Amino acid sequence: MVPDAASIAESQTSLDRTFDIVLRPISHAELGEIRIDKDLFAVGRTQPPFAEAKPDVVVDVSRRHARIFREGAAAYVADLGSKNGTAVNGIEVTQKPHVLKDGDELSFGGALAFRVSFAPRTVRAPARAIVVTLTPVRDDLGLQQIVVTSFPFLVSKADETFSQYHDAYPHQVNYLSRRHAHIYAEDDAMYVEDLGSTNGTFLDGQRLDDHAVKLEDGQRIAFGGEHFVYRVGLESTSGSDATVTATRERRASVLAEDADRTTFIGSAHSFLDIFCTPPAPAQEDEINPDAPQPAPEPGHDTRRRRGKIEVFLSELSEALGGSGKINMRAFVRWGGGGIAVIVALVALTYFQGAPQRDMRALLTSGQFESAAHMADQYLARHPNDSTWRAMGTEALIKADVPDWVAAINARAFDRARAIVEDMRTLARHNPDAAPLVENIDWIGALQSFVQGRGGSQAPIRLYHDEAPIHALTSRWNDDPGEHQRAFDRISAYVPAFAAVYADSLSHLRKLQSDDSVYVAALERIQQAIDSALATDRFDALTAMLSDYAQRYPRLAGLDAVRADVDQYEQIDSEAHAGHVQAVHDRLAAAHFVTPPFAAHADALEKLALAGGHGESAPAH
């Protein structure tokens, strides 16, 4: 949570007003102040304002160095694998975005340093809502039209938009990267940016480089080759309710144009989704052979032609530090004894590998529950066996997560918690599986909390919701990258988990916003209550309750606090007058809902017994 974000938000009459991120130079003052008034800001030596600086100033900044972005009421910086790194307060930003706070020192490449601050955003006319339609260029591939109404939108082989084609076109889907490209809105325009994908993003035949490029209506866009190729359509709508109206009208019009053509509605992601996980090295089956490849190094093999066995033994000798020269006649003389030794080793390996073959057979036949128990028993004796850890994790996730997903969808949260406890038992000897189980438990707790109080838009209850909201958001914020990787891994084993994960991320973003604005307001109310009880003065608290009821419409429990204030003031007045019986009768009839008032009730009776002059409660 960014500290200034809450104060900025509460100072506005509308809660959806946002803030600008301000970077003031610590080194190289000639760069001037950078005010970021957009949701996404690119840092790179070819990006403004760095591109206008002297070359020696930005020499240590990479072309694709970092991104600064807003998510809810928080600001983040993500390093993009830059050569010289990004740091916040001297701590390197590596595999996960780092939350920015007021006063942080942010540096790029070890040379450019800025002081971070936040400022209210200038009121601007609402931007036009834009609907992006990606229509397949070819009709014979069975690709669906994609309609994107919320942004940013991530192009990923793991997302259902493209993973749905995996059975029909496994190679083409694999040519997409997990973080391939994204489409995002900026002011009244749409932009596409390649995220360092293996096989590239192409706009009208030109491969995108380090810069985001503005999308124009009618352009031809291709992801990873010549299979996922689309024609870009842009449709804009103005007005304060533009997004909702555009979404509904566009969906209706698209479906009405051609009832026989299936349309896929692309769902929104977040910049945390996009920048949380660093790109992994490309595997052999992820490289498109039709894409331009680097030219091979010049040269040729001058080694004399030898038999395959001699070549193998020669290279083995070199690898072990020998000369690489092999006397084949001597090798043949000793070969008989060597073969006997090899046969013995092969036999020993075969029998030692029997449990592993049994385990793989269980996985192949879909007997995941039995496989999970077998892995638990084996890892209890061999806890450091990485192969068994991986097999045990796969078995456990595939055995129990489908039932857990069904329980979550049915809102049977007690059953979901019981499934997690069973998974914890089977993960006790598997340090690879245990973190995945804890992440599943966190999603269950998040879903249970949100649904239990009536949805993400439900009122925030004083002295009731603050702690769970803060606990749930803090657990995510401690390491977003680790959570992201865990959930991606679970989704790879059980695809049905991805829908629950996406729904939970939506709830999380709302809770993060609530934590910044509403929970912060509740904490100030609690402080005001404690102060009023300590000083025995309630005028400021009463005024604050009336003000906050208008400013924070989703705050619940303010009426109960006002009622407790009225009861307490009446009894307090009797106590200071020394009316013991009246105080006793009123306390017997009173019912304080707010915990601090209930805790102070006994002090009022002691004050009355002291004749209104005791030290149990403060005097007027």
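What follows is a working chat about selected local features of a predicted model.

Biologist: Before we start, what kind of model is this, predicted or experimental?

Modeller: This is a predicted model, and I will keep to features that can be read from its atoms.

Biologist: Fine, then peptide bonds: which bond next to proline 49 is cis?

Modeller: The bond that runs from proline 48 to proline 49 is cis, with omega near 0 degrees, and proline 49 sits in the loop between strand 3 (40-43) and strand 4 (66-71).

Biologist: And what joins phenylalanine 151 and proline 152?

Modeller: Those two residues are joined by a cis peptide bond whose omega is about 5 degrees, and the loop that holds proline 152 lies between strand 12 (145-148) and strand 13 (153-155).

Biologist: Backbone angles next. What is phi at arginine 411, and where is that residue?

Modeller: Phi of arginine 411 is near 60 degrees, which is a positive value in a residue other than glycine. Arginine 411 is placed in the loop between helix 10 (386-409) and helix 11 (413-426).

Biologist: Is arginine 411 buried or exposed?

Modeller: Arginine 411 counts as exposed, because its relative accessibility is 54% and exposed means over 50%.

Biologist: What about aspartate 536, what is its phi, and is it buried or exposed?

Modeller: Aspartate 536 also has a positive phi, near 65 degrees, in a residue other than glycine, and it lies in the loop between helix 15 (497-535) and helix 16 (539-551). Aspartate 536 counts as buried, because its relative accessibility is 5%.

Biologist: Since helix 15 came up, at what angle does it pack with helix 19?

Modeller: Helix 15 and helix 19 (residues 595-609) pack at an angle of about 20 degrees, and their axes are 10 Å apart. Helix 15 is therefore roughly parallel to helix 19, since angles under 35 degrees count that way. The crossing of these two helices is right-handed.

Biologist: Which residues meet there?

Modeller: From helix 15 there are Ile529, Asp530 and Leu533, and these meet Pro596, Phe597 and His600 in helix 19. By class, the residues of that contact divide into four nonpolar, one polar and one charged.

Biologist: Now helix 12 and helix 13, how do their axes run, and is the crossing left-handed or right-handed?

Modeller: The axes of helix 12 (residues 433-452) and helix 13 (residues 466-477) come within 11 Å and cross at roughly 150 degrees, and the crossing in which helix 12 passes helix 13 is left-handed. Helix 12 contributes Glu438, Asp441, Trp442, Ala445, Leu446 and Phe449 to the contact, while helix 13 contributes Pro468, Ile469, Leu472, Arg475 and Trp476. The contact of helix 12 with helix 13 has eight nonpolar, no polar and three charged residues.

Biologist: How many aromatic pairs does the structure hold?

Modeller: The structure holds 25 aromatic pairs. One of them is formed by phenylalanine 162 and phenylalanine 228, which are edge-to-face at 5.3 Å centre to centre, with 90 degrees between the planes. That pair links distant parts of the chain, 66 residues apart, with phenylalanine 162 in helix 2 (residues 160-163) and phenylalanine 228 in strand 20 (residues 228-237). Both phenylalanine 162 and phenylalanine 228 are buried.

Biologist: And why is the pair of phenylalanine 487 and phenylalanine 497 called tilted?

Modeller: The planes of phenylalanine 487 and phenylalanine 497 stand at 35 degrees and the ring centres are 5.9 Å apart, so the pair is tilted. Phenylalanine 487 lies in helix 14 (residues 480-493) and phenylalanine 497 in helix 15, so the pair ties together parts that are ten residues apart in sequence. Phenylalanine 487 and phenylalanine 497 are both buried.

Biologist: Last topic, serine 156: where is it found, and what does it touch?

Modeller: Serine 156 is found in the loop between strand 13 and helix 2, and it counts as buried because its relative accessibility is 3%. Leaving aside residues up to four places away in sequence, serine 156 touches Phe162, Ser177, Arg178 and Arg179. Serine 156 and serine 197 are 41 residues apart along the chain, and their C-alpha atoms are separated by 9.9 Å.

Key. Residues numbered from 1 in each chain as written. Predicted model: local features only at pLDDT ≥ 70, side-chain atom pairs only at ≥ 80, totals over all residues. Heavy atoms only, no water. Helix = DSSP H or I, 4+ residues; strand = E, 2+ residues; numbered from the N terminus. Buried < 20%, exposed > 50% of the residue type's maximum accessible area, 1.4 Å probe, protein only. Axes fitted to C-alpha atoms, helices over the stretch in contact; angles between N-to-C directions. Parallel < 35°, antiparallel > 145°, perpendicular 65-115°, else oblique. Left-handed = near helix turned anticlockwise from the far one by under 90°. Contact = heavy atoms within 4.5 Å. Nonpolar A, V, L, I, M, F, W, Y, C, P; charged D, E, K, R; others polar. Phe/Tyr/Trp six-rings, centres within 6.5 Å; stacked < 30°, edge-to-face > 60°.
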